[in-house]
Amino acid sequence: MPGDQEVVEEGEMEQMGGGKMEGLKEKKMSWGNMLKRLDSLDVESAKMPHGHGHGHHFLSLSRWNWLMFTEFLCSLPENLQDFGWGTTLRLAFQSIGIVYGDIGTSPLYVYASTFTHGIKNEDDILGVLSLIYYTIILITMVKYIFIVLRANDNGNGGTFALYSLVCRYAKVSFIPNEQAEDRVLSNYQLELPSKRLRRASWLKKKLESTAAKYALLMMTILGTSMVVGDGILTPCISVLSAVGGLQRAASSLTQGKIVVISVIILICLFQAQRFGTDRVGYTFAPIICVWFAFIGLIGIYNFIKYDPLVIKAFNPAYIIHYFTRNKKEAWVSLGGVVLCITGTEAMFADLGHFTVRSIQISMCSIVFPALICTYTGQASYLRKNSHNVGDTFYASIPGPLYWPMFAVAVAASIIASQAMISGVFSILQQAVSLGCFPPVKIVHTSAKYEGQVYIPEVNFLLMCACIGVTAGFQTTAKIGNAYGIAVMTAEAITSAFLILIMIMIWKKNIFLVIVYILTIVPVEYIYLSSVFYKFLEGGYLPLAFASVVMFIMSVWNYVHRTKYIYEMQNKISTERVREVASKPHMHRMPGLGLFYSELVQGIPPIFSHYASNITALHSVLVFVAIKPLPVSKIIPEERFLFRRVGSHELRVYRCIVRYGYTDLRSEKERFEELLIERLKEFIREEAAFMPRHDDSENLAENEDASMDSSDSSNPAENKGSTKHVVLSHTGNVDPAEELSMVDRASNAGIVYLLGETELVAKQGSGLGKRIIVNYVYNFIKRNLRQGDQALAIPRRHLLKVGMTYEL
């Protein structure tokens with residue numbers, strides 16, 4: 001009955017939460033559906049008033065959250081909990097055409113890039129082959145296939161996926177928009193051991209220092225920049241190497257004509273990106289399968305025909321002998337050897353297009369055996385024909401297979417470029433979502449598989465950069481020097497993040513962490529030191545690209561953070577909103593107004609500017625804050641959080657809309673319909689389960705304090721908390737009239753109010769800040785997508801509100 005307390009006994013909760021999972025499938029609890037979205041801002045930061053009156057019973061938030069989470073897991077269809085073998089094998093087939101083109105075409109140029117001054121000793125071939133074996137085994141197989149792929153963020157890979165995992169465990173984000181409610185999202189949960197380890201807590205505390213936060217952010221931006229640089233260099237070196245085979249058959253063909261043919265192929269490749277990864281993958285996968293079959297079989301043929309004894313290279317002693325004989329020259333030659341693992345970082349970045357199991361299957365069953373065979377066969381050929389080391393790949397092909405192999409090589413080089421381009425799209429999508437890259441158009445290219453995206457602006461810029469590098473350098477020698485720096489810098493950064501994850505999140509035995517540090521890390525840093533030796537011989541190229549990308553990302557992230565902090569410091573209080581909406585001259589016109597901002601902890605200052613110039617508010621007003629979270633995806637049921645601003649008569653609400661970094665916003669999303677539907681559910685749930693009258697007043701008075709409190713970013717630390725929610729009925733509110741008002745407002749029309757802020761440095765700011773804010777940031781902003789385009793707001797319902805922020 002109205003006014004009576006709704007009692008949920010804690011013992012009942014224990015019985016329901018501790019019962020068998022099958023019970024949750026068979027029977028939905030009568031109050032379960034209503035509680036499912038009581039994650040509104042009324043329980044923001046899990047701070048609800050504790051009841052002290054007699055006869056009050058409480059519902060533990062930790063048990064309630066676990067119950068809702070287990071109910072969600074049980075309700076998932078089996079095909080969403082895990083891909084079946086049919087889908088996994090199809091994705092494995094697709095991944096061959098997308099992921100492995102880069103590493104698969106490395107045999108085109110590895111030996112030529114390693115022996116730049118010829119082969120001085122036949123045993124040097126065995127030493128280099130041994131280096132290739134163990135580099136592929138340690139870096140590609142052990143590190144990436146069996147360890148790094150496990151460090152995915154709900155199926156997504158790349159530098160930002162690793163960074164997001166660290167952000168969820170430690171408070172290293174610079175934007176202070178954390179809320180405890182975010183930690184109970186289904187995809188936010190971290191699989192943590194229950195036992196706390198002292199070293200994990202110590203490391204977490206160290207990472208939360210300001211210096212460590214900056215270091216992590218800059219590492220992430222540097223890693224992303226190197227992947228972008230890799231995406232520029234891969235098409236250049238792959239296509240040039242493949243097309244260069246024409247000169248062996250037609251010696252009259254000049255290098256200039258080779259460059260022209262390469263540029264034409266590159267233009268066609270980038271134009272094909274608009275069709276998406278799904279179509280490109282099915283088109284390219286058969287070609288790449290033929291490529292791996294050809295190079296594997298030719299490798300076996302050369303191995304048998306020339307020198308089967310090269311199998312001795314599996315003995316790592318030949319590596320020691322190689323360095324003993326050649327000393328510094330052997331160390332310098334590592335810059336060529338490292339090219340055998342190009343594309344491994346792209347394999348991780350492309351994970352969002354596929355699954356861990358599909359990539360492991362394709363790598364272990366097809367790619368790895370083919371690579372071992374081809375490198376072994378080329379080494380066997382060079383033992384008898386060392387003078388052909390500059391053109392090892394094409395020289396080792398049997399005569400009748402030359403032209404078929406050339407055609408497949410050109411196709412494979414195109415696919416190698418595709419692998420890196422897809423990786424660049426994936427990682428930049430994550431950067432945009434987390435506020436580290438300017439907003440660009442992101443197109444979802446597959447209705448079947450999530451995570452397959454295309455970015456037109458980035459595609460065009462990559463094409464221009466590739467054409468410039470190909471036309472400017474014209475040979476693969478200097479491009480190869482540059483290539484190694486991009487590859488090894490990105491891989492070293494991945495290792496640094498992986499060590500943090502192993503200690504803090506996985507909480508692995510410290511012995512296993514030390515083994516990784518003593519085996520994988522030294523190998524990577526030895527290679528890194530070698531590729532930097534050729535800095536002046538083309539190695540500066542990826543650093544130049546990375547510097548430009550890092551500068552853009554750093555400027556955007558810095559101003560984005562500064563703007564958010566400014567809005568927090570100047571936010572409008574709830575009392576001020578009541579005062580504005582209650583003024584006699586303020587008219588309430590029919591319609592639903594959605595006032596957009598990025599501010600999560602209150603009302604943005606631009607609302608006061610709007611109200612002082614336009615003396616009219618819509619009959620229902622919702623302040624919508626788009627909040628990106630360091631998770632890959634957020635299920636629709638958990639996307640919206642609501643809170644009422646002021647009394648029921650004002651009909652003003654706040655809504656936080658949470659997105660993961662792979663969630664895409666578009667007009668097809670039915671955003672306004674979903675928002676109105678969730679708003680109505682909030683009104684109904686608030687009427688059925690709202691705090692007692694005196695507690696509601698407490699909440700209103702302490703709104704800001706409750707919103708900003710987030711003492712720990714570790715979800716495991718909150719599982720044992722004793723915070724409670726009081727469930728009560730109230731007879732003071734009749735939701736029918738309010739729901740009717742929402743319906744009438746939405747039928748009258750929905751208007752999107754978007755703050756269009758102009759940012760300038762405040763008086764007295766330093767010269768550097770004035771240049772960054774007044775010129776660099778505003779130049780980038782003017783030349784990229786506007787806010788309404790990035791938010792997919794229909795222009796026919798858009799009203800922009802301008803205001804100047806002095807940062």
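**Exercise 1.** State which residues form one aromatic cluster, and classify the pair of Y402 and W403.

*Solution.* In this predicted model, the cluster consists of W291, F393, Y394, Y402, W403 and F406. The model holds 24 aromatic pairs. Y402 has a relative accessibility of 9%, so it is buried. W403, at 49%, is partly exposed.

**Exercise 2.** Classify the pair of F535 and Y540, and determine the exposure of each residue.

*Solution.* The ring centres are 6.5 Å apart and the planes stand at 70 degrees, so this pair is edge-to-face. F535 has a relative accessible area of 31% and is partly exposed. Y540 is likewise partly exposed, at 35%.

**Exercise 3.** Locate K534 and decide whether K534 is buried or exposed.

*Solution.* K534 lies in the loop between helix 24 (510-532) and helix 25 (540-569). Its relative accessible area is 10%; the limit for burial is under 20%, so K534 is buried. Leaving aside residues up to four places away in sequence, K534 touches S113, V332, N481 and G539.

**Exercise 4.** Identify where pLDDT stays under 50.

*Solution.* The protein averages a pLDDT of 76, and 77% of the residues score at least 70. Values stay under 50 over residues 1-81 and over residues 692-731. Beyond four places in sequence, the model has 150 contacts for residues 1-81 and 118 for residues 692-731.

Notes: Residues are numbered from 1 along each chain as its sequence is written. This is a predicted model: local features need pLDDT of at least 70, side-chain atom pairs count only at pLDDT 80 or more; totals for chains, interfaces and linings use all residues. Side-chain values use heavy atoms; hydrogens and water are left out. Helices (H or I, at least four residues) and strands (E, at least two) are DSSP runs, numbered from the N terminus. Buried means under 20% relative accessible area, exposed over 50%, partly exposed in between (1.4 Å probe, protein chains only). Contact means heavy atoms within 4.5 Å. pLDDT is the predictor's confidence in each residue, from 0 to 100. Rings of Phe, Tyr and Trp (its six-membered ring) pair if their centres lie within 6.5 Å; planes under 30 degrees apart count as stacked, over 60 as edge-to-face and the rest as tilted.
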